[in-house]
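Subject: Structure for you to look over

Hi,

Here is the structure I promised to pass on. Please open it alongside this note, and read on for what turned up.

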Amino acid sequence: VNPVTGKKEIMFVSENQEINMGREINKGISMQYGLYYDPDLTAYIDRIGRKLVPHTHRPHLKYHFAVLDTPVENAFAAPGGYIYITRGLLALMSSEAELATVLGHELGHISARHSARQMTRSILFTLGIALAGELSRDFQKIVPISWIATQLLFLKYGRSDEYQSDSLGLEYAIKAGYDSEKMVDFFNSLQNVTASAGGSRLPNFLSTHPLTPKRIDRVNELLQTDEMQQLSNQKKLVVKRQKYLNQINGLVYGVNPRHGFVEKGVFYHPDMGFSFRIPYGWKTENTARQVTMAPSNGKAVIILQVEKSNQSLDMYTQKKIKDLSSPQILDQGFTRVNGFNTYHTLLSTINDNEDSESEKNQ
């Protein structure tokens, strides 16, 4: 039974499975994108989110609110009560009321189980078919969770899901005492970003939560309904613009150089103290966890990935090799690179999708 509509619907995952799925996805997202380190800001976002939770249709869930350290402007919900907002999106907001409506919108997705439904389809179909066709089984062993995390960040909801979450977001925010008309201000800010870029730059929030003039009109119509008006009249609604602006003062805007940056074809990581030259013509994508480089034709990829382990370099390498299919070690041993101790292994494995061998550097 859907908690919002009260109607029965087909769902492949139970609530417990939904919570477990969200817990695993949360690990992948935290590793992939990194959490923004600002305890005061994180606590502030959490407080606003928890003001809304009692007014949702699933208040019994254990909710988690987090700020991701990425300039991508987005907010999204993982199954089971995990809600994320990026520092890129926080920089586009102007008040606590705007933040409340966005968090309320994401809580609406969880209340109506939109994320669970979308992720069920993604795991059963996209991950099962597309990945199997494009990647070898060896690669599949190390990418599923981080891949799901990446897909979730750019997950696109249907129009009906967005309409429903807008309505729920307005309801939850008003019941928590916020001026929900600020949802329209937030939408206008997103549209202004696109307009200022000549229509060439579409904020990711608009890509994953499709925004149309009709959707904005519908929000305005909802705000004028008797139900919303009655809710609004029961409380003294607040905006808290200055409080919000004070809270995000000093927020990192754009690419965080502490995670590494590219300058004149060289990637630099100031905190970890290394640099390397990027192959000519290759594109680079950098997150808190890894640097990915690939040519435009997609025929090769280099991934530098951070992992936590208490094992020695050689023992950790042997552990990773065991996950590969019929590995044949060609060369291995300790060496030093830029002052760092390293362990290098060159090996070949059987490609499960082809009758040939492919060399892989580990």
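**Salt bridges and the parts around them**

Start with Lys27 and Glu24, whose side chains meet in a salt bridge at 3.3 Å, N to O. One caution before going further: this is a predicted model. Both residues sit in helix H1, three residues apart, or about one turn of the helix. Lys27 has 46% relative accessibility, so it counts as partly exposed. Glu24 has 34%, so it also counts as partly exposed.

Arg50 forms a salt bridge with Asp46, and their closest N and O atoms are 3.0 Å apart. The two are four residues apart in H2, which means about one helical turn lies between them. Arg50 is partly exposed, because its relative accessibility is 39%. Asp46 is partly exposed too, at 22%. The cut-off matters here: buried means under 20%.

Now a pair that reaches between parts of the chain. Arg58 and Glu18 meet through their side chains in a salt bridge, 3.0 Å from N to O. Arg58 lies in the loop between helix H2 (39-52) and S1, while Glu18 lies in helix H1, so the pair ties together parts that are 40 residues apart in sequence. Arg58 and Glu18 are both buried. They also belong to a network of salt bridges that links Glu15, Glu18, Arg58 and Arg113. Across the whole structure, the search finds eleven salt bridges.

**Helix H1**

Which residues of H1 are buried? They are Glu18, Met21, Gly22, Ile25, Gly28, Ile29, Gln32 and Tyr33. These residues cover an arc of only 130° around the axis, so they are on the same side of H1.

The length of the helix checks out. H1 has 19 residues, and at 1.5 Å a residue they should span 27 Å. The end C-alpha atoms are 26 Å apart, which agrees. After H1 comes Gly34, which has a positive phi near 80°.

**The sheet**

Three strands make an open sheet, in the order S1-S3-S2, with mixed pairing. Strands S1 (64-68) and S2 (75-78) stand at the edges with a single partner strand each, so one side of each has no neighbour in the sheet. From one strand to the next, the twist averages 20°.

S1 and strand S3 (residues 82-86) run parallel and are joined by five bridges. Look for Val67, which stands opposite Ile85 in S3. Helix H1 (residues 15-33) packs on this sheet and touches S1, S2 and S3. Its direction makes about 25° with that of S3.

Best wishes

Terms used. Residues are numbered from 1 along each chain as its sequence is written. This is a predicted model: local features need pLDDT of at least 70, side-chain atom pairs count only at pLDDT 80 or more; totals for chains, interfaces and linings use all residues. Side-chain values use heavy atoms; hydrogens and water are left out. Two strands pair if DSSP finds at least two bridges between them. Axes are lines fitted to C-alpha atoms, for helices over the stretch in contact, and angles run from 0 to 180 degrees between N-to-C directions. Contact means heavy atoms within 4.5 Å. The expected span of a helix is 1.5 Å times one less than its number of residues. Buried means under 20% relative accessible area, exposed over 50%, partly exposed in between (1.4 Å probe, protein chains only). The arc is that of the directions from the helix axis to the C-beta atoms. A salt bridge is a side-chain nitrogen of Lys or Arg within 4 Å of a carboxyl oxygen of Asp or Glu.
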